[in-house]
Amino acid sequence: MIRPILRYGESALHGRARPVTVFDDELRALLRDMAQTMYAAPGVGLAAPQVGVPLRAFVIDVTVGRRPGNLVEVVNPEFVLQEGLQMEEEGCLSLPGFNATVVRPARAIVKGQDRHGHEITFEGTDLLARALQHEMDHLDGTLFVDRLRGIKRDVIVRKVQKLRRSGKW
Ligand SMILES: [Zn+2]
């Protein structure tokens with residue numbers, strides 16, 4: 001089932017998500033829906049708060065479903081390592097139409113749990129490292145625009161506020 005994606009400004013996106021404690025069919029349905037929603041958008045990642053569920057879980061597929069076996073699902077993720085720096089243009093399904101250059105680690109290792117509660121570890125470089133940090137940020141209520149400084153951030157926030165006022169957001 002494709003779920004609606006919340007947009008910047010909706011409170012569920014801007015708080016800290018809770019750890020998952022129950023690994024049941026409801027969680028697995030959520031993860032399945034999140035992957036479907038991400039592919040339909042289409043996007044390379046989606047975190048549970050983006051569909052209004054304040055839990056620490058996200059999905060990523062840097063191939064956007066073009067190559068099977070690339071779906072990453074992580075529950076209760078934590079960084080084990082973040083190293084290096086990369087600067088690339090980035091967007092977010094909760095900020096449609098906006099992009100900005102964001103500084104991210106060049107390599108990241110995340111450990112967490114799979115849909116059954118088993119411990120898993122993912123290592124990513126380049127786009128996957130970027131996606132891992134982008135989705136981790138969502139679990140703490142941070143969107144890419146919050147990582148921008150000064151005028152770059154203000155321009156996007158003002159445009160979103162204007163869209164909201166005119167009912168186009
Ligand atoms: Zn995002």
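Residues are numbered from 1 along each chain as its sequence is written, and side-chain values use heavy atoms, without hydrogens or water. Because the model is predicted, local features need pLDDT of at least 70 and side-chain atom pairs count only at pLDDT 80 or more, while totals for chains, interfaces and linings use all residues.

**Exercise 1.** Find the order of the strands in the open sheet, and then its edge strands.

*Solution.* 
- Step 1: Helices (H or I, at least four residues) and strands (E, at least two) are DSSP runs, numbered from the N terminus.
- Step 2: Two strands pair if DSSP finds at least two bridges between them.
- Step 3: The five strands then run in the order β1-β2-β3-β6-β7, with antiparallel pairing.
- Step 4: β1 (45-47) and β7 (119-125) each pair on one side only, which means they are the edge strands.

**Exercise 2.** Which residues are the protein donors of the zinc ion, and are Cys92 and His134 buried or exposed?

*Solution.* 
- Step 1: Donors are N, O and S atoms within 2.8 Å of the metal (3.2 Å for Na, K and Ca); water is not among the atoms, so sites may look incomplete.
- Step 2: Cys92 (SG), His134 (NE2) and His138 (NE2) lie 2.0 to 2.2 Å from the zinc ion.
- Step 3: Their spacing in sequence is C-x41-H-x3-H.
- Step 4: Cys92 sits in the loop between β4 (86-90) and β5 (100-104), and His134 in helix α2, 42 residues apart.
- Step 5: Buried means under 20% relative accessible area, exposed over 50%, partly exposed in between (1.4 Å probe, protein chains only).
- Step 6: Cys92 is buried because its relative accessibility is 9%, and His134 is buried because its value is 8%.
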